[in-house]
Amino acid sequence: MISFLRFLIYGVSLGSVYAIIALGYTMVYGIAKMLNFAHGDIIMVGAYIAFCAMQYIGLPPLVAVLCAMAFCTVLGVVIEGLAYRPLRQATKLAVLITAIGVSYLLQNTALLIWSSNPKVFPSVFSVGSIRLFDGNLVISSETILTIIANIVIMIGLTLFTGRTKMGKAMRAVSEDKGAAELMGINVNRTISVTFAIGSALAAIAGVLLCSAYPTLQPTTGSMPGIKAFTAAVFGGIGSIPGAMIGGLLLGIIEILGKAYISTELGDAIVFAVLIVVLLFKPAGLLGKPISEKV
Amino acid sequence: MKLKKNAVNNIICYGLVIVVFIICQAMISNGSMTRSLKGQMVPICVYIVMAVSLNLVVGISGELSLGHAGFMSIGAFSSIIGAAWMRSALGIENETLRLILSMIVGGVFAGVFGVLIGIPVLRLRGDYLAIVTLAFGEIIRNVLNCFYFSLEGNRLHVAFNNPNLPGTILLNGPNGAKDVAKISTFPAGFVLILFTLFVVLNLINSRSGRAIMATRDNRIAAEAMGINVTKYKMMAFVTAAVLAGMAGALYGLNFSTVAASKFKFDTSILVLVFVVLGGIGNIWGSIVAAALLTVLPELLRAFSDYRMLVYAIVLILVMLVTNNPMIRGLVNGLFRRKGAAAQTQGGGADE
């Protein structure tokens, strides 16, 4: 029972990281209708920046995270402006391939700067841990922090998209770009802001991911990126609560699957569950069904 | 008798492939080809077949598939096991015959999985379909990592997650296949390319091919005309899977060690890049792009560490330039007469 609880907590912690990454995916998809494959690599860049800030400059962890967020925000906006904006009218596949190109570019730049040797990520917030059931169940501070960060981000984003003018503009653009433009919304700026928020979240996710799994390589971001993308689809791509639920469920399924079914098949189980869900709910758990016009 | 335009185009296509093959063969025999390039010849053939078959799904059928490497891996491993079994159990020593039979084995297995995967996948649309093909590709790789095969005399042993098998190990879980007899040859790859072209071009120019393209262009209209959408989508998907399986067989039997990690998501993406850069729906373009881009990293050897970086930048720049409306307009103006070619490029998975 206690081991089950422990796995469940691991699952929620990993799921929270997936959820934060998936939020970035889902927001960008909702607005720009593109699969941003480079998102996973922004996580990696964020983690490296935080690593350098702490290790080489000696900044305190919180400042390092802020540095990473600032850098990734700028990076996200620059990538959007240089690579994706000229392709706004192009086919979906052209944008997809460009995103893959950007992903290669980030990975190989990181490879040149930081080499392929894995870096050991320092523990960011070692405040201590909670011990329950006579010390049988240890919850580390990273786990608690990840879950708290996840909840805060979720509430913040919901308030942002629901209450602020920019958030409303985002929802308008995701509904209908043309109509939003006619209403005086600056579509390009709205998309830039979306990328900025998504990339800042990716930086946080990178730091949280690397505090839990402390090996940092140029390819660190790609697998969590794909899984978070799966999580976004799982919950219904384009929906913020969907990304949250999808991420959490995916993390829990992965950890429980690895613990109780087979360690090697953990990823296969995650993807199999995704396929089953999509077969019965083709737009994901919380996605809106697509109506077709004739 | 006047040949149809399609037939003329197809004959030119086959002719060019044959000419290129003869040139390459001549270069190999008089020694003017570098060693590393010579080693690339079979992979080039493999990637050409992969790109053409993926183009059938992405360009002609209009469904974005991100798991094409999964079929390649099924073809590779089933053919490796098949080739070893044929040698010991059936006593087939002739390498060419064994290669052909193994390729058929690879194609059949990949085709069976193509049907099994196609049934759920083709119910979905657009990005959801893409993510599910990605998921299937990853599942195939993950499950293959847990399989162990061994050969004892002419009996085949299979185990799941259990490396202790009697006899010689053929497939060793995550370590993949070892000591594979390298029986793939460049001429065999060339024949496979011709076979692929024959199948794909004939399919495109047939009644079924027109039905597939009609489904791509407008699903509802096609359905209203009485086209069985699922059947034709399935036809394209399974044909592509079989061809990918055969390419996988050629690939698997070209190296002495093959692990499932070679058929990652990255491989599927690599093939997709060939298809998109060659022109979606343009078979000829896929061939050129696959050949050039397989050789490109080799040519960029001078840049050594910067090679993949240059590759990424080239990729982004090509996408930006080819999708620039001004340049597009210019090119279209120049090739106004080749209207037919431009039209086939217009379609694809961009609903």
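**Terms and their grounds**

Modeller: The model is a predicted one. Let us begin with Glu63(B), which is placed in the loop between helix H2 (35–60) and helix H3 (68–90) of chain B.

Colleague: Why is Glu63(B) called buried?

Modeller: Buried means under 20% relative accessible area. Glu63(B) has 4% relative accessibility, and therefore counts as buried.

Colleague: What makes the approach of the side chains of Glu63(B) and Lys233(B) a polar contact?

Modeller: The limit for such a pair of N or O atoms is within 3.5 Å. The two side chains make their contact at 3.1 Å.

Colleague: How many aromatic pairs are found over all chains?

Modeller: The search of the whole structure gives 17. One of them joins Phe7(A) and Tyr260(A), with 5.7 Å centre to centre and 80 degrees between the planes. Phe7(A) belongs to helix H1 (residues 2–32) and Tyr260(A) to helix H10 (residues 240–260) of chain A, 253 residues apart.

Colleague: Why is the pair of Tyr251(B) and Phe263(B) called edge-to-face?

Modeller: Centres must lie within 6.5 Å, and planes over 60 degrees apart count as edge-to-face. Here the values are 5.8 Å and 70 degrees, and the pair is edge-to-face. Tyr251(B) lies in helix H9 (residues 229–252) and Phe263(B) in the loop between H9 and helix H10 (265–278) of chain B, so the pair ties together parts twelve residues apart in sequence.

Colleague: How do you know that Phe263(B) is buried?

Modeller: Its relative accessibility is 3%, and the cut-off is under 20%. Phe263(B) therefore counts as buried.

How values were computed: Residues numbered from 1 in each chain as written. Chains lettered and ligands numbered in written order. Heavy atoms only, no water. Helix = DSSP H or I, 4+ residues; strand = E, 2+ residues; numbered from the N terminus. Buried < 20%, exposed > 50% of the residue type's maximum accessible area, 1.4 Å probe, protein only. Polar contact = N/O pair within 3.5 Å; in protein donor to acceptor, adjacent residues only side chain to side chain. Phe/Tyr/Trp six-rings, centres within 6.5 Å; stacked < 30°, edge-to-face > 60°.
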